[in-house]
Amino acid sequence: MSDAHSGESLLFLTDEQLRQGIEGMFFAYRGFTSAPDQILEGSDYGRAHHRALHFIGRSPGMNVNRLLAILGVTKQSLNRVLRTLIEDEMVESRVGHADKRERHLHLTEKGAALETRLSEAQRAQMRAAYRKAGPEAVAGFRQVLEAMMDPEMRRLYAGLREGGA
């Protein structure tokens, strides 16, 4: 929020203020995804591939069902994405030790290199925005994001933050 809005009561936001927040989210997301979109331009990959690479890289060994829950897509959609990434040797699918029906996902060296390229610009952008906004704004932003998540998403998010696969 700009300095002009800093005195506004956050408990009683007007519809216009809420619309501005919604629009801010849309524009921020567009900016946040622009660098990865440019990297993927001309390839057979899109944002779904980027998200899969991100979360598999974040939690090596994650099973397919957990990735499904995190991404909130259909099995059919995820299978298309994973099939492409596995065929292109970006992701490796390993049979589970305890349950042979489970598939555990790992990035290959090639997949990790692409994931790093895709996320480098986003990390730099987040770092710059966080520095500019300051620690209180960062904490507030995280609180707003978590408050927007339903309880199951908050649980999955907390699990990732704690390093769980």
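Buried means under 20% relative accessible area, exposed means over 50%, and partly exposed lies in between, with a 1.4 Å probe and protein chains only as cover. By that scale Asp 37, at 28% relative accessibility, counts as partly exposed.

The structure is a predicted model, in which local features need pLDDT of at least 70 and side-chain atom pairs count only at pLDDT 80 or more, while totals for chains, interfaces and linings use all residues. Residues are numbered from 1 along each chain as its sequence is written, and side-chain values use heavy atoms, with hydrogens and water left out.

## Overall layout

The chain contains 7 helices and 3 strands. Helices (H or I, at least four residues) and strands (E, at least two) are DSSP runs, numbered from the N terminus. Along the sequence they follow the pattern α-α-β-α-α-β-β-α-α-α. Computed along the principal axes is not meant here in an experimental sense: the C-alpha atoms fill a box of roughly 55 × 35 × 30 Å, taken along those axes.

The 3 strands form an open sheet in the order S1-S3-S2, with antiparallel pairing. Strand S1 (62-63) and strand S2 (91-95) stand at the edges with a single partner strand each, so one side of each has no neighbour in the sheet. Two strands count as paired if DSSP finds at least two bridges between them. In general, strands of a sheet pair through backbone hydrogen bonds, either parallel or antiparallel.

S2 is joined to strand S3 (residues 103-107) by 5 bridges, and the two run antiparallel. In this pairing Glu 92 stands opposite His 106 in S3. S1 and S3 also pair in the antiparallel sense, over 2 bridges. Here Asn 63 stands opposite His 104 in S3.

## Helix H4

Helix H4 (residues 75-87) has 13 residues and reaches 18 Å from its first C-alpha to its last, close to the 18 Å expected at 1.5 Å a residue. The expected span is 1.5 Å times one less than the number of residues. Leu 78, Val 81, Leu 82 and Leu 85 are buried in H4. These four cover an arc of only 95 degrees around the axis, which puts them on the same side of H4. The arc is that of the directions from the helix axis to the C-beta atoms. Gln 76 and Glu 87, on the other side of H4, are exposed.

## Salt bridges

A salt bridge is a side-chain nitrogen of Lys or Arg within 4 Å of a carboxyl oxygen of Asp or Glu. A search of the whole structure finds 5 salt bridges. The table gives some of them.

| Asp 37 | Arg 47 | 2.5 Å |

The side chains of Asp 37 and Arg 47 meet in a salt bridge. Asp 37 lies in helix H1 and Arg 47 in helix H2 (residues 47-58), so the pair ties together parts that are 10 residues apart in sequence. Arg 47 is partly exposed, with a relative accessible area of 33%.

Glu 152 is partly exposed, with a relative accessible area of 36%.

Ile 22, Phe 26 and Phe 27 form a nonpolar patch on the surface, with about 380 Å² of accessible area together. Patches are made of residues with over 30% relative accessible area and no salt bridge; like charges are joined within 9 Å, and nonpolar side chains (Val, Leu, Ile, Met, Phe, Trp, Tyr) within 5 Å. Accessible areas come from the Shrake-Rupley method with a 1.4 Å probe, and for residues only the protein chains shown count as cover. Ile 22 is found in helix H1 (residues 15-40). At 47% relative accessibility, Ile 22 counts as partly exposed.

Ala 69 lies in helix H3 (residues 64-71). Its relative accessible area is 31%, so Ala 69 is partly exposed. Ala 69 and Arg 58 are 11 residues apart in sequence, and their C-alpha atoms are 15 Å apart in space.
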